[in-house]
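Colleague: I would like to learn how to read the strand pairing and the surface of a model such as this one. Could we take it step by step?

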Amino acid sequence: LWYHQYEQVGGDAVGFVCRFYGKSYPDAVQFLLSQEHCGQLLIPPTPEKEFILPTANPTMQRAMSYLQNRRGIDREVLASFVRRKMIYESKEHHNVVFVGYDMSGQPRHAHMRGTGGSFKGNAAGSVPEYSFHWLGQSEQIYLFEAPIDLLSFIELFPKNWQQHNYLSLGGVSGKALRQFLSERPDVERVFLCLDADKAGEDACKCLAALLPDTVSVTRIQPCMKDWNDVLVHRAEIPNRDYFKSTILKEPPKKDSVK
């Protein structure tokens, strides 16, 4: 078995050969069977499941209580996402559901967070390229590992936040970022707001390397483990020193015209 940490995907030997050797499924099978000591063919990949949003609960009482009281996010910020049907409460388990849409307005991704425990996961069939995000009109985008970190950052820095772009990567994969940039080539500044741990630091380096040299890349590291920790404990942080920033990449300066 294999697993790609930064893209959050994995599979068996056949999938490995397809992905990293660029072969079709039949060619990958033949390649493996032709190798000495290869053994028996592994189970074929499971077909992709149809994406269906979890059924919505008639009210959002538990979801709003969780996000406001336990996570410290203001109702006004949440209301902007609720009105766009980007956040709701599921009927069966009363999870908070964070919905990601494609450019045509179709839901393609749903991340769920338990309101009574530590559960978190994506709905079956979710397309990682369209994870939870907010589209603004500015030429800059802020990247996060999870939807709650995205909301926490907005709560900490609310000034004109609706104008900017915010994207939850659903971990540290670059799939959603690549999809966003393909649809918004006008973006000039990228802010990597991932967690302040080794995985977050390593991911920032990988994401910065993926971005074109024409884009400015800045790492914004929270002073605590993640942005929700900063939000919940902000009263304890002296001088509102919530983060430190590091420029990872700057586009070359254009020659001025004499």
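Modeller: Let us begin with the terms: two strands pair if DSSP finds at least two bridges between them, while helices (H or I, at least four residues) and strands (E, at least two) are DSSP runs, numbered from the N terminus. This is a predicted model, in which local features need pLDDT of at least 70 and side-chain atom pairs count only at pLDDT 80 or more, whereas totals for chains, interfaces and linings use all residues. Residues are numbered from 1 along each chain as its sequence is written, and side-chain values use heavy atoms, with hydrogens and water left out.

Colleague: Which residue in β5 is the bridge partner of valine 96?

Modeller: Strands of a sheet pair through backbone hydrogen bonds, either parallel or antiparallel. Here the partner of valine 96 is arginine 113, and strands β4 (residues 96-101) and β5 (residues 107-113) are joined by six bridges in the antiparallel sense.

Colleague: What is the order of the strands in the open sheet?

Modeller: The four strands run β3-β4-β5-β6, with antiparallel pairing; β3 (87-89) and β6 (120-122) are the edge strands, each pairing on one side only.

Colleague: Is phenylalanine 20 buried, partly exposed or exposed?

Modeller: Buried means under 20% relative accessible area, exposed over 50%, and partly exposed in between (1.4 Å probe, protein chains only). Phenylalanine 20, which lies in helix α1 (residues 13-21), therefore counts as partly exposed, because its relative accessibility is 43%. Across the chain, buried residues make up 46% of the 258 residues.
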